[in-house]
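Here are a few exercises to work through with the model open beside you. Try each task before you read its solution.

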Amino acid sequence: IVDFVKTEKSPGFIGRKSTYFKDFVINDDKTKETFLIKEDLLVREDVMDKGQEYWSENRHEELSKNEEAIYAMVDTIKNIPIAKTYADVITFVVTGYKDFGPIGLGPIFSLWSSNVVEDQRLQLGFKTNSKFSEKVLLKGYGAYGFGDKDFKYGGSARFLLNTKPWQTLEVEHSNDLDVHGASAEEFGENNFLAGLYRRNVPQKLTRIRNSRMTYERDWRTGWSNKVSFVNKKLSPYFDFIYISDAAGQNLKLDSIVTSSEVKFSTRFAYREKFIEGKYSRASLGSDWPIVTLTYSLGLRGILGSDFNYHRFDVSVYDWFHVPPIGWSAFTIKAGKII
């Protein structure tokens with residue numbers, strides 16, 4: 001419960017938290033097993049959908065007049081047009097999308113950008129929200145470069161198969177540029193801030209036609225697996241030639257690379273916490289290092305793939321406090337291609 005307090009000097013807030021215990025048992029073995037030993041506690045999906053009548057019947061103590069007035073004030077504020085406008089503006093700034101019914105248009109930060117191939121680039125995309133579906137998330141975009149006078153596009157569909165445990169299936173396809181030669185300090189290849197602040201660093205741009213299907217599943221808190229099939233066709237915008245047979249037999253020179261691979265990833269994030277939405281979730285991180293192991297198998301001859309290979313990757317992410325400045329994070333990556 002939050003009270004609004006106004007003084008002669010300035011307004012302020014007072015936060016009040018009340019915790020109630022009912023029908024509790026001390027030193028019970030089942031309680032210890034449930035809350036102390038068991039790592040995963042499942043919360044029902046409808047826990048936040050209870051109406052006022054439910055809480056009136058199940059609340060341990062009745063609300064005081066002051067508490068009832070605060071609830072009434074919050075409900076009133078939610079229906080004030082100016083409050084709705086502020087909420088919409090904040091959501092638009094944070095997400096970059098403006099909702100029109102079940103569809104959101106954006107993101108605003110990718111409407112305009114620039115690079116050495118396209119010169120000026122315009123892009124417009126969309127994504128669905130919970131009004132469209134709580135199990136399916138659709139995304140798509142189209143872009144046009146005024147320098148190369150070419151159209152690019154991309155789209156994806158994510159299906160939420162289950163929430164307990166978390167399981168998703170995602171299919172995506174795109175035909176667009178990829179800035180592999182850009183500085184790691186940049187905001188991203190399709191962001192107007194990148195165009196404003198990009199230093200004069202040589203960019204090795206590549207046109208990539210990318211198709212991917214990914215299945216992801218959690219097994220328990222902090223342990224998840226991901227399996228993907230990826231097919232890519234890379235067309236560099238710079239001088240590039242590879243020899244398909246290192247031994248010199250059946251020599252083939254090509255400037256286009258095609259690869260198909262199966263990827264298997266295992267992710268360990270001890271006691272990681274999430275904020276779950278209707279069909280997506282956001283990680284709040286972990287107090288422990290997050291380790292990801294990935295194995296990729298190249299499949300020569302599948303959908304025009306040029307290579308057989310085994311690739312192993314490992315990454316470690318962690319963060320730490322830097323008093324009194326704030327905090328810092330680091331990622332260490334290593335890999336081997338056979």
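**Exercise 1. The pocket lining**

How do the residues of the lining of the largest pocket divide into nonpolar, polar and charged?

Solution. Some ground rules come first. This is a predicted model, in which local features need pLDDT of at least 70 and side-chain atom pairs count only at pLDDT 80 or more, while totals for chains, interfaces and linings use all residues. Residues are numbered from 1 along each chain as its sequence is written, and side-chain values use heavy atoms, with hydrogens and water left out.

Step 1: On a 1 Å grid over the protein atoms alone, a pocket is an open set of points where a 1.4 Å probe fits, with protein on both sides within 12 Å along at least five of seven lines; lining residues have an atom within 4 Å of a point. Ala, Val, Leu, Ile, Met, Phe, Trp, Tyr, Cys and Pro count as nonpolar, Asp, Glu, Lys and Arg as charged, and the others, Gly among them, as polar.

Step 2: sort the residues. The lining holds 13 nonpolar, 15 polar and 15 charged residues.

Step 3: Of the 43 lining residues, Arg212, Lys226, Ser228, Lys263 and Ser265 lie nearest the centre of the pocket. Strand E11 (residues 223-236) gives the most to this lining, with seven residues; strands here are DSSP runs of at least two residues, numbered from the N terminus.

**Exercise 2. Two ring pairs**

Classify the ring pairs Tyr54 with Trp55 and Phe151 with Tyr153.

Solution. Step 1: recall the rule. Rings of Phe, Tyr and Trp (its six-membered ring) pair if their centres lie within 6.5 Å; planes under 30 degrees apart count as stacked, over 60 as edge-to-face and the rest as tilted. The count comes to eight aromatic pairs.

Step 1: apply it. Tyr54 and Trp55 have ring centres 5.1 Å apart and planes at 80°, so they are edge-to-face. For Phe151 and Tyr153 the centres are 6.4 Å apart and the planes at 20°, so that pair is stacked.

Step 2: check accessibility (buried is under 20% relative accessible area, exposed over 50%, partly exposed in between, with a 1.4 Å probe and protein chains only). Tyr54, at 34%, is partly exposed, and so is Trp55, at 38%. Phe151 is partly exposed at 47%, as is Tyr153 at 33%.

**Exercise 3. Salt bridges**

Solution. Step 1: state the rule. A salt bridge is a side-chain nitrogen of Lys or Arg within 4 Å of a carboxyl oxygen of Asp or Glu. By this rule there are 10 salt bridges.

Step 1: look at the pair. The closest N and O atoms of Glu118 and Lys152 are 2.8 Å apart. Glu118 lies in the loop between strand E5 (112-115) and strand E6 (119-128) and Lys152 in strand E8 (residues 150-163), so the bridge ties together parts that are 34 residues apart in sequence. Both Glu118 and Lys152 are buried.

Step 2: widen the view. Glu118, Arg121, Asp148, Lys152 and Asp176 are linked in a network of salt bridges.

Step 3: Arg267 and Glu272 have their closest N and O atoms 2.8 Å apart. Arg267 is partly exposed at 28%, whereas Glu272 is buried at 6%.

Methods. Helix = DSSP H or I, 4+ residues; strand = E, 2+ residues; numbered from the N terminus.
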